[in-house]
Amino acid sequence: MKEIKNLINITDLTTEEIDYLVRVANDIVENHSFYDEICRHKKLATLFFEPSTRTRLSFEAAMLELGGSVLGFSSANSSSAAKGESVSDTIRTVGCYVDIIAMRHPKEGAPVVGAQRTTVPIINAGDGGHFHPTQTLTDILTISRKKGRLDNMTIGLCGDLKFGRTVHSLIEAMMRYENVKFILISPEELRIPDYMKEKMDKAGVSWSETSDIEKAIPELDILYMTRVQKERFFNEADYIRLKDSYILNLEKLEKAKKDLTIMHPLPRVNEISVEVDDDPRACYFFQALCGKHIRMALILFLLGIEREGFGK
Ligand code: CP
């Protein structure tokens, strides 16, 4: 297995490495006792310059379940960034204390800058509107567990496809698998950027665009809902006009497949009505659980640790 020091973008991982992480995540659930102490004396820092619930806490839960320890901060204001310290100096310092760092920052490229200044692995836990590779790994594990495959499916991506970093990364990852089609559902103003369309075309992937969720739903195996990202808008009036473009409810799901998998990276605002939560097709809280398992697998992978007997 090729050694990877950092995870900045999902493209840092080969398809074989992604498949390996999925296998380790499943092994963690099936053979949990092998992993209880596997990271004893290892430390993870979670450096979150931007708010988070799932990513930060699932990283911390992941390291604790592996027998390691966790330290860090949950906002820029509670670190020396508030006094003007650069990202680079913060990472270099924290790298003296821990074995691995997961960081989230509002500025695109911040994890790359951080990674240049430390010798410990850096995991990008979200950089602005850019990348969120561990969400993509979470989504892949969820799809794999729910569908039993990663190929031959139609994925509908709905909502803010312009600023949605989770959508861009998921497309990059899923377009590697055979016969995966995308239906991109968004208002005109929140269409996916041209460079993403070019990537799909270059890879020979089948995709189409629509504003009509009800028309698209019957075709879908996966429906991936996303939040309109208030924090990325320059103009509040535009956000207010677009924020409730799509609200998934039971009525809209009437013509959906019986085995549709409904996903959402969360947090949700209004995109999925709470009445959908009890539908067996709703998988977004299961998805949050998958996030912990795949982050456990990723920490092990980047630290170069494998349980004895795995894969034999
Ligand atoms: N999905 C996700 O990144 O959630 P948080 O912002 O709560 O970490």
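A: Ile299 is found in helix α10, residues 284-303 (helices are DSSP runs of H or I with at least four residues, strands are E runs of at least two, numbered from the N terminus). The model is predicted, so local features need pLDDT of at least 70 and side-chain atom pairs pLDDT 80 or more, whereas totals for chains, interfaces and linings use all residues. Residues are numbered from 1 along each chain as its sequence is written, and side-chain values use heavy atoms, without hydrogens and water.

Ile299 has a relative accessible area of 0% and is therefore buried (under 20%; exposed is over 50%, partly exposed in between; 1.4 Å probe, protein chains only). Leaving aside neighbours within four places in sequence, Ile299 is in contact with Cys39, Leu44, Phe59, Ala62, Met63, Leu66 and Ile100 (contact: heavy atoms within 4.5 Å). Leu21 is 278 residues from Ile299 in sequence, yet their C-alpha atoms are 10.0 Å apart.

Helix α3 (residues 87-94) also has buried residues: Val87, Ser88, Thr90, Ile91 and Val94. They lie on the same side of α3 because they cover an arc of only 165° around the axis, taken from the directions from the helix axis to the C-beta atoms. Their cover includes β1 (43-48), β2 (69-73), β3 (100-105), α4 (110-115) and β4 (122-127).
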